[in-house]
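I opened my notebook with a simple plan: get the overall picture, then look up a few details. Come along and check each entry on the model as we go.

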Amino acid sequence: MSVAFAGNSATTGSREAGPLRVMIVDDSVVIRGLISRWVGAEHDMEVAASLRTGLEAVNQIERINPDVAVLDIEMPELDGISALPKLLAKKRDLIIIMASTLTRRNAEISFKALSLGAADYIPKPESTREVSAADIFHHDLIEKIRHLGARLRRRPAVASPPLAPASPAPAQRSPAARPAAPAPSPSLYPQSASGITTRPFSSQAPKVLLIGSSTGGPQALMALVTELGPVIDRVPVLITQHMPPTFTTILAEHLARSSRRPAAEAVDGEPVKPGRIYLAPGGKHMRVARSGVDTVIALDDGPAVNFCKPAVDPLFTSAIDIWHGAILSVILTGMGSDGMRGGKDIVAAGGNVIAQDEASSVVWGMPGAAANAGICAAILPLNQIGAKVNRLFAGDRT
């Protein structure tokens, strides 16, 4: 989706500063009221409009001129999935966050919306009277609005495919402590294309591929796994994507189609074997553990880590006990810093970390945290990661 800002050339730079203008489109007066209060309480955003139907949004988009739209899926007159392309046709730089309850139908519609240009989605609680659910919805929505809006304002306009999302934020908890990786010396290690210092790749051959992702992750994952057939056939591939239940079920189905390999939500106790993609199920942390001579999936219903469940760090750190330094980990687009601590542990054990670069990331939070921590052996555009991973598993160590 190309970016063009009202009042600015699409090629001259980032948007003018000022509060993010948020348009709320939902047929529930309760939801509209809640989101309006939350947005109005933030210093860096304001309510540009609160509308009941997609038709109202399409008819008024040019007058309202919002930066971000929170768009309900199920509405009278014109539903969210029908309004989406009409809104983007009138304002192609509009950040659209789809909002839906956690049903399979809505999850499938949300994935379709991502392919049509929505920037992200957010699950709505079944009842806003459930305090914990409303608090999570509040936190995640404000973070998504802020980070996706900031991405537009910081960057010059670039052409990029519509990518997508799920819940994140700044680091909160750290998994079991391990020795930290030593900081790289700029005089010893090369720089990536982004100018950030990178480490040399370990000489140890990887025996597993671990991937962590969040906002923008589903589309990035589907693009990446299309290139990983030879790797999937040789080693297990384990993925943690910040995403709620039901949505991970649909994502696994998409990954199976994209990779043409078996892909499914991981099941507690199942053996981890080459030839399969294991996806952390929404609402559970995915770890690996020993069971006799086998490596098995260990699902954990414990508290959120880095505000996320599932989180990437538990997977990364648990893998060290199984494969030691024979690990290749990839950190893709996403908010927050999840994966950075686990990535440090992997590097300290002798493994490698690759991060997606800023230009191809929807949000350069997770990969940026890893890159700036000095733990990455490569920082690459999404369209170069698959080829690099294939080469590393084929024996290339450069």
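This is a predicted model: local features need pLDDT of at least 70, side-chain atom pairs count only at pLDDT 80 or more; totals for chains, interfaces and linings use all residues.

**Entry 1: the whole chain.** I found twelve helices and 14 strands in the chain. Next I looked up burial: of the 398 residues, 57% count as buried.

Entry 2: How do strands E10 and E11 run, and how many bridges join them? I saw that E10 covers residues 285–291, E11 covers residues 294–300, and the two run antiparallel with seven bridges between them. I traced Ser-291 to its bridge partner in E11, which is Asp-294. Two residues sit between the strands of this hairpin, and Gly-292 in the turn has a positive phi of about 65°.

**Entry 3: a lysine.** I picked Lys-144, which I located in helix H5, residues 131–154. Is Lys-144 buried or exposed? Its relative accessibility is 1%, and the cut-off for buried is under 20%, so I put Lys-144 down as buried. What does its side chain touch? I found a polar contact of 2.9 Å between the side chains of Lys-144 and Asp-120. Last, I checked Val-68: it is 76 residues from Lys-144 in sequence, and their C-alpha atoms are 10.0 Å apart in space.

Key
Residues are numbered from 1 along each chain as its sequence is written. Side-chain values use heavy atoms; hydrogens and water are left out. Two strands pair if DSSP finds at least two bridges between them. Helices (H or I, at least four residues) and strands (E, at least two) are DSSP runs, numbered from the N terminus. Buried means under 20% relative accessible area, exposed over 50%, partly exposed in between (1.4 Å probe, protein chains only). A polar contact is a pair of N or O atoms within 3.5 Å; within protein, one must be able to donate a hydrogen and the other to accept it, and residues adjacent in sequence count only if both atoms are side-chain atoms.
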